[in-house]
Amino acid sequence: MNLFKKTLLAGALSCVLAAGGFSFAHTAGAAPDTRAATPEMSPPAEKEKQDESRHRRHGHHGRKFVLFKDAAALLGMTEQDLKKEWKQGKSLQQIAKEKKNWDAEEFVQKLTAVQSAKLDSAVKAGKMTQQQADQLKKKLPGSLKRFTQHVYHPHQDRRLPSTHSEI
């Protein structure tokens with residue numbers, strides 16, 4: 001390699017190192033300001049509320065849990081009371097049997113009627129076509145039966161390393 005190329009390469013390398021050092025010094029000087037703006041840890045009660053609101057915002061998570069409102073209305077309970085019993089390990093079918101003495105098929109039929117009425121009102125409002133509503137109504141009894149049979153199983157805290165998998 002000739003002298004000119006070596007000089008050019010050394011000059012380019014020194015410019016890169018100088019720019020990197022300047023960038024590091026600039027960010028290191030700004031670090032104390034960012035630490036002062038960091039909020040304190042929230043109490044556990046506030047953290048639980050934040051986790052619940054965070055979970056509700058996820059795309060497909062919790063879509064069927066809108067049915068809790070309808071199920072609670074049918075059973076004459078509040079949605080919170082229904083969820084408390086469900087989280088104790090009971091299925092919605094078991095809760096319906098205890099509260100109203102309805103068997104599984106009767107409870108699913110009542111929920112299907114409520115959801116069909118909602119689909120009909122969505123068609124009247126122009127939010128969906130009649131064909132879409134008919135397709136959903138075909139799947140509704142099976143879907144509601146699976147939903148009412150589901151028993152709550154708490155997940156581990158997914159923010160910890162290696163706990164995201166349920167294998």
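Me: What makes residues 34-38 a stretch to read with caution in this predicted model?

Reply: Over residues 34-38 the pLDDT stays under 50. On a confidence scale that runs from 0 to 100, local features here need at least 70.

Me: Where in the chain is confidence lowest, and where is it highest?

Reply: Helix H2, residues 44-56, has the lowest confidence, with a mean of 53. The highest is in helix H6, residues 104-124, at 94. Across the chain the average pLDDT is 77, and 64% of the residues score at least 70.

Me: How do you know what secondary structure the chain has, and which pattern does the chain follow?

Reply: The count comes to 7 helices and 0 strands. Along the sequence this reads α-α-α-α-α-α-α.

Me: Why is glutamine 93 called buried?

Reply: Buried means under 20% relative accessible area. Glutamine 93 has 16%, so the residue counts as buried. Glutamine 93 is found in helix H5. Leaving aside residues up to four places away in sequence, it touches Ala104, Lys145, Thr148 and Gln149. In the chain of 167 residues, buried residues make up 19%.

Me: How do you know where the buried residues of H5 lie around the helix?

Reply: The buried residues of H5, which spans residues 92-100, are Leu92, Gln93, Ile95 and Ala96. Viewed down the axis of H5, they fall within an arc of 160 degrees, so they line one face of the helix. They pack against helix H3 (67-75), helix H4 (79-87), H6 and H7.

Me: What follows H5?

Reply: Asparagine 101 does, and its phi is positive, near 60 degrees.

Me: Which residues line the second largest pocket, and which helices supply them?

Reply: The lining consists of Gln115, Lys118, Leu119, Ala122, Met128, Leu136, Lys139, Leu140 and Ser143. H6 and helix H7 (130-149) each supply at least two residues of this lining. The space in the pocket is about 220 Å³.

Me: What makes up the lining of that second largest pocket by class?

Reply: There are 5 nonpolar, 2 polar and 2 charged residues. Leu and Met count as nonpolar and Lys as charged, and the lining includes Leu119, Met128 and Lys118.

Me: How many of the contacts in the chain, as a percentage, join residues at least 24 apart in sequence?

Reply: Among contacts between residues at least 6 apart in sequence, 54% join residues at least 24 apart.

Key. Residues are numbered from 1 along each chain as its sequence is written. This is a predicted model: local features need pLDDT of at least 70, side-chain atom pairs count only at pLDDT 80 or more; totals for chains, interfaces and linings use all residues. Side-chain values use heavy atoms; hydrogens and water are left out. Helices (H or I, at least four residues) and strands (E, at least two) are DSSP runs, numbered from the N terminus. Contact means heavy atoms within 4.5 Å. On a 1 Å grid over the protein atoms alone, a cavity is a set of points where a 1.4 Å probe fits but cannot get out, and a pocket is an open set with protein on both sides within 12 Å along at least five of seven lines; lining residues have an atom within 4 Å of a point. Grid points are joined across faces, edges and corners, and a volume is the space filled by probe spheres set on the points. Buried means under 20% relative accessible area, exposed over 50%, partly exposed in between (1.4 Å probe, protein chains only). The arc is that of the directions from the helix axis to the C-beta atoms.
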